[in-house]
Amino acid sequence: ERNEAAKFTKEQRAAKLDRKLYEDTSKTGVYVALFYVKDLSHPYHRTKVDLNAQQNNITGGVLECQSPQLACVICEGGPKAIKRYIRLMTVRMKWKGVDNTILEEDDEDDEAEGGRPKFNPDNACELVWTGMATKRFFKGFVFQSCESGLEAAKILRAKGVGHFWDQLLTHASGKSDKFQFKLVDSDESDNEMEEEDNGGDDAMEQD
């Protein structure tokens, strides 16, 4: 009876978990992690990336680029939260499929019926950089897509983290011969951006 009386309610358990996950970054500092993901189009990966960011009070977001085709994942949070997120992205996440041996036949059937999309067998995720920042540059965790690398650089510069895109391209260019991305010179980039139309959203925004 004492054990039953001492049990937490569902709300109390949720509050305890929130206290455990919450970190005051004004005291611990803002920790940052930058990831390169080859393909983040599958719903399984998108859900995991988003849900774990929300649960760990991580801000930042995912910037998906069509040319070059890759995704830039930026995470800001407390030291424990970022450590958990790095483990999720580099160890726990099944980037090439939940279980390829089981899903092969299912995927064939689903594709024929226009159902679940197949996993990318060549997918990959790599930690590009970790460090600390003086403040959070993002208010929440959002997804945004763009067509070109120039547009991606412009979006991140508007948030004050344009150097992240250069770091990502440098990392991707050194992976293999498949990635020979040109790093745009800052002066050239600024001139090209001035010529572009100023309409539309330039930054990763959240309501």
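Student: Hi! Before we look at any details, what is the average pLDDT of the chain?

Tutor: The chain averages a pLDDT of 80, and 71% of the residues score at least 70.

Student: Where does pLDDT stay under 50?

Tutor: One such stretch is residues 100-106, for which the model has four contacts beyond four places in sequence. Another is residues 176-203, with 32 contacts of that kind. Where pLDDT is low, the predicted coordinates should not be read in detail.

Student: Okay, noted. On to cavities: how many are there of 30 Å³ or more?

Tutor: The count comes to one. The volume of the largest cavity is about 40 Å³.

Student: And which residues line the largest cavity?

Tutor: Its lining is made up of Asp-39, Ser-41, His-42, His-45, Trp-95, Lys-118, Phe-119, Asn-120 and Asn-123.

Student: Let's take His-42 from that list. Where is it found?

Tutor: His-42 sits in the loop between β1 (30-37) and α4 (43-55).

Student: Is His-42 buried or exposed, and why?

Tutor: His-42 counts as buried because its relative accessibility is 8%, and the cut-off for buried is under 20%.

Student: What does the side chain of His-42 reach?

Tutor: It reaches the backbone oxygen of Pro-117, at 3.0 Å. Setting aside residues up to four places away in sequence, His-42 touches Arg-116, Pro-117, Lys-118 and Phe-119.

Student: How about His-45, where does that one lie?

Tutor: His-45 lies in helix α4. It is buried, with a relative accessible area of 1%.

Student: What is His-45 in contact with, leaving aside neighbours within four places in sequence?

Tutor: The list is Asp-39, Leu-40, Met-93, Lys-94, Trp-95, Phe-119 and Asn-123. Phe-119 is also among the residues that His-42 touches.

Student: New topic, then: how many aromatic pairs does the structure hold?

Tutor: There are four aromatic pairs. One of them joins Phe-35 and Tyr-85, with ring centres 6.2 Å apart and planes at 55°, so that pair is tilted.

Student: Which parts does the pair of Phe-35 and Tyr-85 tie together?

Tutor: Phe-35 is in strand β1 and Tyr-85 is in helix α5 (residues 79-92), so the pair ties together parts that are 50 residues apart in sequence. Phe-35 is buried, with a relative accessible area of 0%, and Tyr-85 is buried as well, at 1%.

Student: Which aromatic pair does Phe-119 form?

Tutor: Phe-119 pairs with Tyr-44 in an edge-to-face arrangement, 5.9 Å centre to centre with 80° between the planes. Tyr-44 belongs to helix α4 and Phe-119 to the loop between α6 (100-112) and β4 (125-133), so this pair ties together parts that are 75 residues apart in sequence.

Student: Of those two, which is buried and which is partly exposed?

Tutor: Phe-119 counts as buried at 9% relative accessibility, whereas Tyr-44 is partly exposed, with a relative accessible area of 23%.

Student: Last one: why is helix α7 largely enclosed by the rest of the structure?

Tutor: Helix α7 covers residues 149-158, and seven of its 10 residues are buried, so the rest of the structure largely encloses it. The buried ones are Gly-149, Leu-150, Ala-152, Ala-153, Lys-154, Ile-155 and Leu-156.

Methods:
Residues numbered from 1 in each chain as written. Heavy atoms only, no water. Helix = DSSP H or I, 4+ residues; strand = E, 2+ residues; numbered from the N terminus. Buried < 20%, exposed > 50% of the residue type's maximum accessible area, 1.4 Å probe, protein only. Polar contact = N/O pair within 3.5 Å; in protein donor to acceptor, adjacent residues only side chain to side chain. Contact = heavy atoms within 4.5 Å. Phe/Tyr/Trp six-rings, centres within 6.5 Å; stacked < 30°, edge-to-face > 60°. pLDDT = per-residue confidence, 0-100. 1 Å grid on protein atoms, 1.4 Å probe; cavity = no way out; pocket = protein on both sides within 12 Å on 5 of 7 lines; lining within 4 Å. Points joined across faces, edges and corners; volume = space filled by probe spheres on them.
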